[in-house]
Amino acid sequence: MSLVAPHPDPAEAATAPARIRFEHVSVDFPTARGPMRVLDDVSFDIRNGEFVSIIGPSGCGKTTLMNIVGGFVQPTQGRVLLDGKPVVGPGPDRGVIFQEYGVFPWLTVRQNIEFGLKLSASKVPAAQREETVTRYMRLMGLSDFASHFPKHLSGGMRQRLAIARAYAVRPQFLLMDEPFGALDAQTRSAMQDLLLEVLQSEGKTVLLITHSVEEAIYLSSRIVVVTARPARIRTIIDVPFGYPRAEAVHEDPRFGELRAHIRDLVMQEYAAQARQAVRMSD
Ligand SMILES: Nc1ncnc2c1ncn2[C@@H]1O[C@H](COP(=O)(O)OP(=O)(O)OP(=O)(O)O)[C@@H](O)[C@H]1O
């Protein structure tokens, strides 16, 4: 499997093969009032080396969308294909970072990062394992805490550990659900830049869920704006900046225009969600 860095030119990405394909995906969850539709007829492709962010109102179905790719939730209708094959369950090809602290409390920092590398599918030799663990502890500012257990770390450190664990196994796909949401602004910005660096050196296909319009624009090659629940695709926006990307992109007038446009769309969906809530309470 060749590793491809994010495409510098969005037009080039447009011709790359689909790695993740949503085909008419709908999900209903059972509730006391009957089935609740959370995703409705979602179809789109994420191509090789693309970085796609999903943005939409809280509770609309974004995590569910990611969980289908992760193999944790089965669609009620439609399917998700990974390299042409339907997803049947989780796998080491997909590194998943959840909103809060996906770490094992009974393992130390070092052991947590080492965990995935020891799984037979990764087949990482011991010396290389050691080097990788040391590298990610350093990158995440965790070197002094190698023997600490997660309960002795701050919330932000635990999240950095979760991120280190996911990056260390070098998955082809990164599935990230608000990975930086609980971090302070400075750490969040450092983590965004580190992610861009990792992608530049290793190349991955990324699906990111975020509530931050700025984060989505700064990191992504495309942004999928979804509607209030049930989540449908409202629009898909090509981000007009190539990679490598630097902080200066925030100052580009197109950044501001895009931010205003996407904020407007998301606010419209929050308004639709509020109208739905009023109708349901009538
Ligand atoms: N396994 C489940 N069973 C029943 N209902 C579920 C399940 N998972 C999620 N839901 C419901 O589906 C809806 C969408 O949830 P989801 O977590 O996908 O939304 P979200 O857009 O990621 O939310 P947020 O932005 O707040 O993280 C919510 O009402 C949630 O309570």
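1. Helices here are DSSP runs of H or I with at least four residues, numbered from the N terminus. With that in mind, and remembering that this is a predicted model, helix 2 (residues 62-70) is the element that gives the most to the shell around the ligand, contributing three residues.

2. Which residues surround the ligand? The shell is made up of Phe29, Val38, Ser58, Gly59, Cys60, Gly61, Lys62, Thr63 and Thr64. Sorted by class, three of the shell residues are nonpolar, five are polar and one is charged.

3. Is helix 2 mostly covered or mostly uncovered? Helix 2 is mostly covered, with seven of its nine residues buried, and the buried ones are Lys62, Thr64, Leu65, Met66, Ile68, Val69 and Gly70. Just after helix 2, Gly71 adopts a positive phi of about 90 degrees.

4. Turning to the strands, six of them form an open sheet with mixed pairing, in the order 6-7-8-3-9-10. Strand 6 (94-97) and strand 10 (233-238) each have a single partner strand and stand at the edges, so one side of each is left without a neighbour in the sheet. On average, and with direction ignored, neighbouring strands of this sheet are turned by 15 degrees against each other.

5. Within this sheet, strand 3 (residues 51-55) and strand 9 (residues 222-226) pair in the parallel sense over four bridges, and Ile54 stands opposite Val224 in strand 9. Helix 5 (residues 155-168) packs on the sheet, where it touches strand 6 and strand 7 (173-177), and the direction of helix 5 makes about 175 degrees with that of strand 6.

6. A further set of pairings involves strand 4 (residues 77-82), which pairs with strand 1 (residues 18-31) in the antiparallel sense over five bridges; here Glu23 stands opposite Arg79 in strand 4. Strand 4 is also joined by two bridges to strand 5 (residues 85-86), and these two strands run antiparallel, with Lys85 in strand 5 as the bridge partner of Leu82.

Notes:
Residues are numbered from 1 along each chain as its sequence is written. This is a predicted model: local features need pLDDT of at least 70, side-chain atom pairs count only at pLDDT 80 or more; totals for chains, interfaces and linings use all residues. A residue is near a molecule or strand if its C-beta atom, placed from the backbone, lies within 6 Å of it. Ala, Val, Leu, Ile, Met, Phe, Trp, Tyr, Cys and Pro count as nonpolar, Asp, Glu, Lys and Arg as charged, and the others, Gly among them, as polar. Two strands pair if DSSP finds at least two bridges between them. Axes are lines fitted to C-alpha atoms, for helices over the stretch in contact, and angles run from 0 to 180 degrees between N-to-C directions. Two residues are in contact if their C-beta atoms, placed from the backbone, lie within 7 Å. A residue is buried if 20 or more other C-beta atoms lie within 10 Å of its own, exposed if 12 or fewer, and partly exposed in between; C-beta atoms are placed from the backbone.
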